[in-house]
Amino acid sequence: MAQAYLFVHFREKTTPDGEQVYFGISRDGFHWEAVNDGAPVLWAYYGDKGVRDFTITHSIETGKYYIFATDLSLSYGMRNQYHNSWDEIGRNGSKYFSVWESEDLVNWSDQRLVKIGDDDFGCLWAPDLIYDKENGEYVLHWSSSHAANDYGPKKIYYSTTKDFVHFSAPQVLYEKEDSGVIDSAIYEENGVYYLFVKSESNPAKIILLRSDHAAGPYVRMESFDESMKDVESGLYEAPTAVQLDDSRWCLFLDYYGVPGAGQGYVPFVADSLASGKFVRSDAFFSFPYGYKHGTILPITEEDYERIKNHDWSDHGYQ
C-alpha cells in the first residue's frame, strides 16, 4: 500500500501564532497541502509559549506518536526576556523540550515540558529522534551551547530513551573542530546511520556524515559536499529527509535568505543516502506556504484521510 506523508513544522511570522504546531500532508512527498486551513493544529501554553524546530516519531516501544520541539518564542521572548539578543537565548534559553503525544495523530495530549541535562546547558535547539536498532532504544539528539566552553560553538548532544519519559544523561554525539554545528537529523539506510548537520563555518553549509552506530562516531562524506557546491553559504539550515515509496530520498533544506514568509524548504533528491549525491529539484515540489524547520513522517492513506478531515477547532486557541 502506498504511503502518504505528514510534515510537522512552524511558520516564520512576527505574531505568536507562527511559532505553534502546523501540519502539512502529501500523498506523494512532492505536492503538499495545509491542514486546518493553514492554522495551527496544536498550541504551546507552557514554557516560552512558542515552539519551533519540530521532530515527530512513531514509537515501536509504546505505539504512540511523539512530537518534540524547541521551547522558544521569538515573538514574545526576543522582545521580552531575551532583550533582542541571540547570545542571551543561547545562554539563558529553555533547558526543556516541548512534547505532545498521540495514539492516532489527531487526538493529542496537552503539551508537557521535558528537561534534558542540567543548567550548564544553554538553550536546547532542534530536537530530532532516531530509533537505534542495535540497542532497542531511541536516540534524542539536539544542538546546544554549554558552560564548559563559555557557551561558545555549539555541539550535537544526545540522550537515549525507551519510554519518552526517562532519559539518559546527555553525551556529545558530534562536535566539529573548526566550527559550531546545529540542526542535526539522522536517518538509517541498510543498517548504516547518516547524520545531516548545519556547519556554522568552514563551510557555512549542510554537511553529511555516516556511522555504523546511531550514536556514532560519525565520519564526514565528501561526496555530499559536491552536491552542496552550488548552494549559497550561510542561507540554508534545518535539514530533514524522507524516503519515498520508490526508495529515493528527498532532502529538504530550510532557506532563510529572505525575511519572513518568503522563507521555506528547498528540495533535493538522491537515489540513496549512501551515494551522497543529491540534485536540487524545485520544479517538482509545491508547498501552500513557507514550511519552516520540521520533520516528515511516513503515514498510511488512512492516517492521511483522518488528519485531513479531522475537526481541529478544539485543539487550538479559539
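This is a predicted model: local features need pLDDT of at least 70, side-chain atom pairs count only at pLDDT 80 or more; totals for chains, interfaces and linings use all residues.
The lining of the second largest pocket divides by class into 12 charged, 7 nonpolar and 6 polar residues. The space in the second largest pocket comes to about 530 Å³. Its lining counts 25 residues, and those nearest the centre are Arg52, Trp86, Trp125, Ile182 and Glu237. Which elements each supply at least two residues of this lining? They are β4, α2 (86-92), β12 and β20. The largest share comes from α2, with 4 residues.

**The largest pocket**

The largest pocket has a volume of about 660 Å³. Five elements are named as giving two or more residues to its lining: β4 (51-58), β8 (125-132), β12 (181-189), β16 (236-243) and β20 (292-299). Here β20 provides the largest share, 5 residues. The lining holds 27 residues in total. Nearest the centre lie Thr57, Ile130, Tyr187, Leu297 and Pro298. By class, 16 lining residues are nonpolar, 7 are polar and 4 are charged.

**The cavity**

How many cavities of 30 Å³ or more does a search of the whole structure find? The search finds 1. About 70 Å³ of space lies in the largest cavity. It is lined by 13 residues, and Asp128, Ser184, Pro239, His293 and Thr295 are the closest to its centre. β8, β12, β16 and β20 each give two or more residues to this lining. β12 gives the most, with 4 residues.

| Space | Volume | Lining by class |
|---|---|---|
| Largest pocket | about 660 Å³ | 16 nonpolar, 7 polar, 4 charged residues |
| Second largest pocket | about 530 Å³ | 7 nonpolar, 6 polar, 12 charged residues |

**The whole protein**

The protein contains 20 strands and 4 helices. The C-alpha trace spans about 50 × 45 × 40 Å along its principal axes. Its radius of gyration is 18 Å, which agrees with the value near 20 Å that a compact globule of 318 residues would have. Of the 318 residues, 57% are buried. Take the contacts with a separation of 6 or more: 55% of them join residues 24 or more positions apart. The protein exposes about 13,200 Å². Carbon and sulfur atoms supply 47% of that area.

**An exposed loop residue**

Asparagine 190 sits in the loop between β12 and β13 (192-199). Is asparagine 190 buried or exposed? Asparagine 190 counts as exposed because its relative accessibility is 76%, and the cut-off for exposed is over 50%. Threonine 295, in turn, is among the residues closest to the centre of the largest cavity. Asparagine 190 and threonine 295 are 105 residues apart in sequence. Their C-alpha atoms are 21 Å apart in space.

**Backbone exceptions**

Most residues other than glycine have a negative phi, and most peptide bonds are trans. A few places in this model depart from that pattern.

One runs from asparagine 202 to proline 203, with omega near 0 degrees. Proline 203 lies in the loop between β13 and β14 (206-211). Another runs from glycine 216 to proline 217, with omega near 10 degrees. Proline 217 is placed in the loop between β14 and β15 (219-220).

Histidine 83 has a phi of about 50 degrees, although it is not a glycine. Its place is the loop between α1 (74-77) and α2. α2 is also the element that gives the largest share to the lining of the second largest pocket. Leucine 105 has a positive phi too, near 75 degrees. Leucine 105 belongs to the loop between β6 (96-102) and β7 (112-115).

How do these two residues stand towards the surface? Histidine 83 is exposed, with a relative accessible area of 53%. Leucine 105 is buried, because its relative accessible area is 0% and buried means under 20%.

Methods
Residues are numbered from 1 along each chain as its sequence is written. Side-chain values use heavy atoms; hydrogens and water are left out. On a 1 Å grid over the protein atoms alone, a cavity is a set of points where a 1.4 Å probe fits but cannot get out, and a pocket is an open set with protein on both sides within 12 Å along at least five of seven lines; lining residues have an atom within 4 Å of a point. Grid points are joined across faces, edges and corners, and a volume is the space filled by probe spheres set on the points. Ala, Val, Leu, Ile, Met, Phe, Trp, Tyr, Cys and Pro count as nonpolar, Asp, Glu, Lys and Arg as charged, and the others, Gly among them, as polar. Buried means under 20% relative accessible area, exposed over 50%, partly exposed in between (1.4 Å probe, protein chains only). The radius of gyration is taken over C-alpha atoms; the globule rule is 2.2 Å times the number of residues to the power 0.38. Contact means heavy atoms within 4.5 Å. Accessible areas come from the Shrake-Rupley method with a 1.4 Å probe; for residues, only the protein chains shown count as cover.
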